[in-house]
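Subject: Structure handover and findings

Hello,

Here is the structure for you to look at.

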Amino acid sequence: MRDIAFGQYYPVSSPVHRLDPRLKIIFTLMYIVTMFFVASYFGYALVLCFLLTVCAVAHVPPKAMFKSIKGIIVLLIITAILNLFFYAGEASVEWTWWIFTVSPEAIDFALKMMFRLILLIMGTTILTFTTGTSELTDAIESLFKPLNLIKIPVRDIALIMSIALRFIPGLIEETDKIMMAQKARGADMESGNIFKKIKAMLPVIIPVFVSAFRKADELADALDARCYQASPKRTKMKKMSFAWRDLIAFLIFAAFVAIIFLDKYLWGGLDGYIVQAFQSLMG
Amino acid sequence: MTAIKLENVYYAYEADEGEKPVNAVDGVSLEVEEGSFVAVVGHNGSGKSTLARLFNGLLLPDSGSVTVFGMDTKDEKQIYSIRSSVGMVFQNPDNQMVASVVEDDIAFGPENLGLPRDEIIRRVDRALEQVGMSEYRKSTPFRMSGGQKQRLAIAGVLAIRPKVIVLDESTAMLDPKGRREVMDVIHALNKEEKMTVIHITHYMEEVQEAERVIVMDGGKIAVDDTPRAVFARGEQLKKYKISPPAVTLMADALADCGADIARDIATEEELEDAICRLLCKD
């Protein structure tokens with residue numbers, strides 16, 4: 001449980017950390033959209049290379065990025081199986097066994113879907129690895145400022161989001177502790193079928209909820225005691241402004257997105273060419 | 001000058017249906033002098049944490065009044081000047097931090113006050129210096145020790161520049177080393193910066209470092225005296241479910257056996273001296 005890396009900030013100094021947080025949020029959104037346009041295995045390899053490069057520039061260990069997948073492994077397996085057996089597209093060959101039908105196209109589709117999910121999670125964690133929660137708050141607040149006009153409390157919503165992120169590691173730790181405490185009292189959480197396991201989680205979930213509410217109570221007092229909302233005009237310690245490195249980062253990111261789109265629409269997926277080139281090389 | 005003044009204050013939490021509300025604070029009158037170091041002790045449910053939350057208007061009295069530097073906490077217009085003069089540190093350092101980077105968290109208070117940018121930076125620098133954590137400015141509190149985290153929580157409060165700092169069992173979750181770190185910081189604040197400290201605790205070793213002790217029991221002030229005078233009451237304190245520090249108990253026991261030792265001994269050195277003197281006499 002403790003290995004879930006999502007939402008953990010890596011406090012190092014790097015060019016990626018210093019980027020304007022607003023730009024990083026926009027990059028992340030663009031990245032998510034771009035992921036749905038990746039058409040080939042070459043594209044996925046390119047995305048992975050891109051992420052590893054960003055990790056290296058950001059001084060974040062790539063291991064931390066891979067660890068973030070752990071949390072969605074069950075989801076991954078379920079989507080892969082569903083895609084494999086319920087593939088609705090055209091199939092060149094069909095292998096049927098009992099009620100299961102598999103085709104090369106289905107395998108291809110399931111694999112690509114899995115890569116897409118993995119890379120989506122890995123890419124988005126880079127944002128939280130390299131951006132402190134209050135930077136995120138400020139950036140969200142700044143990006144969504146226009147919403148203030150229609151009386152949406154952007155500032156409060158941004159603070160809620162960043163606090164939620166900050167409390168994730170704490171709550172995981174708490175869950176761990178409570179699980180150990182229940183195990184020490186003889187609770188059995190590993191054996192039995194899925195329904196038994198879910199039932200066995202109840203004595204863990206309830207105390208976690210109670211403790212979360214207690215934490216929230218104390219935090220609310222702490223916010224009040226530190227004069228939250230004392231002044232209608234809240235000031236900022238860190239000024240956000242675009243610098244040269246933001247422009248450079250934008251150009252690099254744009255090039256990356258461009259290649260993905262070229263791969264899909266112009267080259268129609270480079271996989272075929274690569275296979276061809278490989279075959280001709282082999283004679 | 002009086003920093004905080006309570007006049008005949010009552011406070012009761014909302015009770016479940018069919019139950020009679022019990023007064024958590026039951027007719028308390030008290031004055032805290034500016035620059036003093038006051039310890040508040042009492043067993044669980046004695047009303048000491050409720051008392052703390054009355055000091056800065058987190059709770060408002062049902063009847064009676066709480067005045068902070070002449071401002072009534074019931075006055076909504078002044079609530080933020082009250083909260084910026086009475087800073088409060090809570091029990092669990094993890095539940096007080098809003099940001100994942102040290103300097104951002106400390107800046108939270110001054111940002112709320114709407115101060116200009118360079119003033120915020122100045123305050124963050126100074127607050128970190130005051131708690132001796134300047135080198136952690138850019139790090140994240142997630143992996144720090146309890147003592148360090150609590151010192152950061154104190155820094156976060158100091159950045160608001162309060163005149164009074166209230167510590168609500170802020171040492172309760174710490175190991176002995178962390179407790180010492182926090183106590184050293186608040187003593188320095190009290191001595192060097194003349195800050196008023198109200199320290200709520202159940203560690204008697206910390207109480208003996210205060211100038212004045214308030215013992216709470218059933219929402220009322222049971223005893224209000226110097227630590228020495230309070231500890232000298234010995235067995236009497238059992239009534240309030242607190243016990244004097246081990247040295248005082250030892251001196252007490254020795255005196256009971258007929259040794260010529262004062263009953264109000266508060267430190268190990270004093271006990272050592274007294275025993276040495278006694279042995280030399282024989």
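Below are the ground rules, then the findings by topic.

This is a predicted model: local features need pLDDT of at least 70, side-chain atom pairs count only at pLDDT 80 or more, and totals for chains, interfaces and linings use all residues. Residues are numbered from 1 along each chain as its sequence is written, while chains are lettered from A and ligands numbered from 1 in the order in which they are written.

**Domains of chain B**

Chain B splits into domain 1 (2-242) and domain 2 (245-282). The bounds come from an automatic or database domain assignment. The centres of the two domains of chain B, taken over C-alpha atoms, are 34 Å apart. Nine residues of domain 1 of chain B contact seven of domain 2 of chain B (contact: C-beta atoms, placed from the backbone, within 7 Å). On the domain 1 side, α7 (204-207) and α8 (227-231) of chain B each supply at least two residues. The largest share, four residues, is from α8(B). Helices (H or I, at least four residues) and strands (E, at least two) are DSSP runs, numbered from the N terminus.

**The sheet**

Four strands of chain B form an open, antiparallel sheet in the order β2-β1-β4-β5. Strands pair if DSSP finds at least two bridges between them. β2 (23-33) and β5 (71-72) of chain B are at the edges with a single partner strand each, so one side of each has no neighbour in the sheet. Eight bridges join β1 (residues 2-12) of chain B to β2(B). In that pair, B:Ala12 stands opposite B:Asn23.

**Chain A against chain B**

36 residues of chain B contact 28 residues of chain A. On the chain B side, α2 (79-85), β6 (86-89), α3 (102-112) and α4 (117-130) each give two or more residues. α3(B) gives the largest share, six residues. By class, the chain B side has 17 nonpolar, 13 polar and six charged residues. Nonpolar means Ala, Val, Leu, Ile, Met, Phe, Trp, Tyr, Cys and Pro; charged means Asp, Glu, Lys and Arg; the others, Gly among them, are polar.

**B:Arg263**

B:Arg263 lies in the loop between α9 (246-256) and α10 (268-281) of chain B. B:Arg263 has 17 C-beta neighbours inside 10 Å, so it counts as partly exposed (20 or more other C-beta atoms within 10 Å is buried, 12 or fewer exposed, in between partly exposed; C-beta atoms are placed from the backbone). Leaving out residues up to four places away in sequence, B:Arg263 touches B:Ala232, B:Gly234, B:Ala251, B:Asp252 and B:Ala255.

Best regards

Note on methods:
Contact = placed C-beta atoms within 7 Å.
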